[in-house]
Amino acid sequence: MIAGKKILITGATGQVARPVAEALAKDNEVWCLGRFGDSGAERELRDLGIRTWRWDMAELTKEGLDGLPDDFTHVMHSAAHRGDGTDFDASVEINSVSAGRLMTHCHRAEAFLFVSSGAVYAPRSQEHLVREDDPLGGRMPWLPTYPVGKLAAEGAVRAFGATLGLPTIIARLNVAYGPHAHGGMPILLFRRMLAGEPVEVPLQGQNWCSPIHTDDIVRQVPLLWNATTVPARVVNWAGDDTVGIQDMLTYMAELTGAEPRFSPSEVYRATSAFDNTLRASLIGGCEVGWREGLRATLRAHFPHLVKESGDAVQH
Ligand code: NDP
């Protein structure tokens with residue numbers, strides 16, 4: 001962990017960056033930027049000694065950051081404008097211009113981390129472990145603006161990192177999960193199963209992913225800052241385990257006594273597992289295995305369903 005630094009974090013009301021902000025605030029001066037539509041989250045952050053600053057990425061004027069200190073040593077840019085699925089131009093503009101504004105404002109920082117997504121990769125066969133040099137061009141039929149916005153922002157981050165000489169890393173995140181916020185995709189799918197709604201799965205094989213627990217994310221952010229370069233480096237950011245979504249949900253059903261419900265379909269939310277060779281060489285391995293991570297996460301979100309021992313609560 002790092003100490004005595006002045007850290008700026010965006011997206012800190014979200015599932016990924018919030019635990020990072022909370023952990024770093026113990027030994028550093030942490031500022032969180034966002035809209036804070038949920039004033040409860042802002043209050044909770046402030047109660048931990050974190051400074052909050054109102055910034056809407058969709059307001060693209062330079063003045064948006066005027067008055068904000070510019071002597072941050074480390075930046076984690078995790079906020080994303082996901083878009084409404086139809087306005088591609090807005091997704092490109094908001095995500096790329098805001099990244100450029102933020103990097104310009106923080107051009108004296110020691111390290112800038114941009115949280116990107118595996119959604120930028122072009123679809124591949126389910127079993128393929130995606131590498132950083134695989135073809136780009138992500139498709140998400142349920143939210144097509146999202147991969148476009150992430151890729152556009154990556155372009156801006158590369159341009160500003162290079163021209164400003166700002167040491168930067170673009171970390172393409174896989175499926176994040178943990179006790180905070182909505183818990184991540186595994187918990188969202190589990191909630192659907194609990195509500196009696198079957199989860200779509202491929203007609204054949206499995207939908208694979210490399211889930212990463214937020215404890216590993218928290219531990220790895222300072223390591224990623226240490227791995228920044230000019231021009232920016234791109235790295236896959238995922239857990240060490242390759243896990244089928246169906247296996248994951250079956251395991252959660254076993255732990256809670258819920259009934260696993262799947263609907264084999266040609267249309268499902270495809271994910272992919274990562275080749276983690278580069279990440280492992282730069283910052284090492286993960287510490288939380290998927291089974292223990294999911295067990296702890298389930299206990300945090302559904303204490304009435306999972307006992308301390310990890311067994312299902314009998315009703
Ligand atoms: P959440 O959806 O949980 O949170 C999104 C964050 O973005 C919120 O803190 C929100 O802050 C902020 N935000 C959205 N729009 C704006 C805006 N116009 N101006 C300022 N802030 C804004 O996201 P996650 O924590 O799940 O994801 C964090 C990052 O990780 C994102 O960049 C995402 O693309 C990436 N990622 C996440 C994955 C995951 O599994 N969770 C997987 C792959 C990538 P507020 O509403 O307070 O303004």
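**The ligand and its surroundings**

A backbone N or O atom of Ala 80 lies 3.5 Å from an oxygen atom of the ligand. This is a predicted model, in which local features need pLDDT of at least 70 and side-chain atom pairs count only at pLDDT 80 or more, while totals for chains, interfaces and linings use all residues. Residues are numbered from 1 along each chain as its sequence is written, and side-chain values use heavy atoms, with hydrogens and water left out.

Polar contacts here are pairs of N or O atoms within 3.5 Å; within protein, one atom must be able to donate a hydrogen and the other to accept it, and residues adjacent in sequence count only if both atoms are side-chain atoms. For Arg 35, a backbone N or O atom is 2.8 Å from a ligand oxygen atom. Tyr 146 instead places a polar side-chain atom 2.5 Å from an oxygen atom of the ligand. How many residues surround the ligand? There are 26, and the closest are Thr 13, Arg 35, Ser 78, Tyr 146 and Lys 150; a residue counts if one of its heavy atoms lies within 4 Å.

**Two loops**

Most residues other than glycine have a negative phi, and most peptide bonds are trans. Phe 36, however, has a positive phi, near 50°, and lies in the loop between β2 (29–34) and α2 (39–47). Helices are DSSP runs of H or I with at least four residues, strands are runs of E with at least two, and both are numbered from the N terminus. The peptide bond from Val 230 to Pro 231 is cis, with omega near -5°; Pro 231 belongs to the loop between α6 (214–226) and β12 (233–237).

**Helix packing**

Helices α3 (residues 88–105) and α4 (residues 145–164) pack at about 25°, their axes 8 Å apart. Axes are lines fitted to C-alpha atoms, for helices over the stretch in contact, and angles run from 0 to 180 degrees between N-to-C directions. α3 and α4 are therefore roughly parallel to each other. Angles under 35 degrees count as roughly parallel, over 145 as roughly antiparallel, 65 to 115 as roughly perpendicular and the rest as oblique.

By comparison, α7 (residues 245–256) and α9 (residues 290–301) pack at about 50°, with axes 11 Å apart. These two helices, α7 and α9, are therefore oblique to each other.
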